[in-house]
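Reader: I would like to learn how to read the main features of a model such as this one. Please begin with the surface.

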Amino acid sequence: MGELVLKSIGALCILIGSSAFGEYKARSFHRRVRDLQQFQRSLKLLATEIRYARSMLPYAFKSVGGQLDSPVGELYLRAAELLLQERTPREAWREALAEIWPRAHFSRADGEIIEALGSALGVEEKEGQLKQIQLTLQYLEFALEEARESNRRQAKMWRYLGYLTGAALVIFFL
């Protein structure tokens, strides 16, 4: 009787653990969509700051970063700090992006799009910066569409895979 209870508890633990892993992987696809949407919003806010408020870049970054959640908000706030420490806009953007990268759920391609934006910020005139922001928004729209499709397809697969792997392990060990 005691052996059966222990086997049942072990089987339940295996099922819960593998299902939780599948759910974790599935949610990472959703977090990528959320982060990309938030970054798009940040670019629209930044364009507004540059176009209408005519803020200097560190103050525009602070304003945008204060309106957003982590990790995108952290990117802008950290870049603002680095700009105030006499870093070039490109260096500040890259360093801030590198710092938030482990907590963000961007793909490598997303990161390349975001990093490319840093090359134009603070270097070109206002109109050039606004054009670069619009170009980045267009690239992010394509990335967001791909992320949504990936979320739709792969999230369900990971959930099923987690549960089925747990079930297979339980059958194997019994």
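**Reading the model**

Author: This is a predicted model. The chain has an accessible surface of about 10,400 Å², and carbon and sulfur atoms account for 59% of that area.

Reader: What share of the residues counts as buried?

Author: Buried means under 20% relative accessible area. By that cut-off, 39% of the 174 residues of the chain are buried.

Reader: Which secondary structure elements does the chain have?

Author: The chain holds six helices and zero strands, so the order from the N terminus reads α-α-α-α-α-α.

Reader: How is the overall extent read?

Author: One takes the radius of gyration against that of a compact globule. For 174 residues the globule value would be near 16 Å, whereas the chain has 22 Å. Along the principal axes, the C-alpha atoms fill a box of roughly 75 × 30 × 20 Å.

Reader: Why does the end-to-end distance of helix α3 agree with its number of residues?

Author: The expected span is 1.5 Å times one less than the number of residues. Helix α3 covers residues 72-84, and because its 13 residues should span 18 Å at 1.5 Å a residue, the 19 Å between its end C-alpha atoms agrees.

Reader: Which residues of α3 are buried, and what do they pack against?

Author: The buried set consists of Val 72, Gly 73, Leu 75, Tyr 76, Ala 79, Ala 80, Leu 82 and Leu 83. These residues pack against α1 (2-53), α2 (57-66), α4 (89-100) and α5 (108-120). Just after α3, Glu 86 has a positive phi of about 70°.

Key. Residues numbered from 1 in each chain as written. Predicted model: local features only at pLDDT ≥ 70, side-chain atom pairs only at ≥ 80, totals over all residues. Heavy atoms only, no water. Helix = DSSP H or I, 4+ residues; strand = E, 2+ residues; numbered from the N terminus. Rg over C-alpha atoms; globule rule 2.2 N^0.38 Å. Buried < 20%, exposed > 50% of the residue type's maximum accessible area, 1.4 Å probe, protein only. Areas by Shrake-Rupley, 256 points an atom, 1.4 Å probe, with all protein chains shown as cover. Contact = heavy atoms within 4.5 Å.
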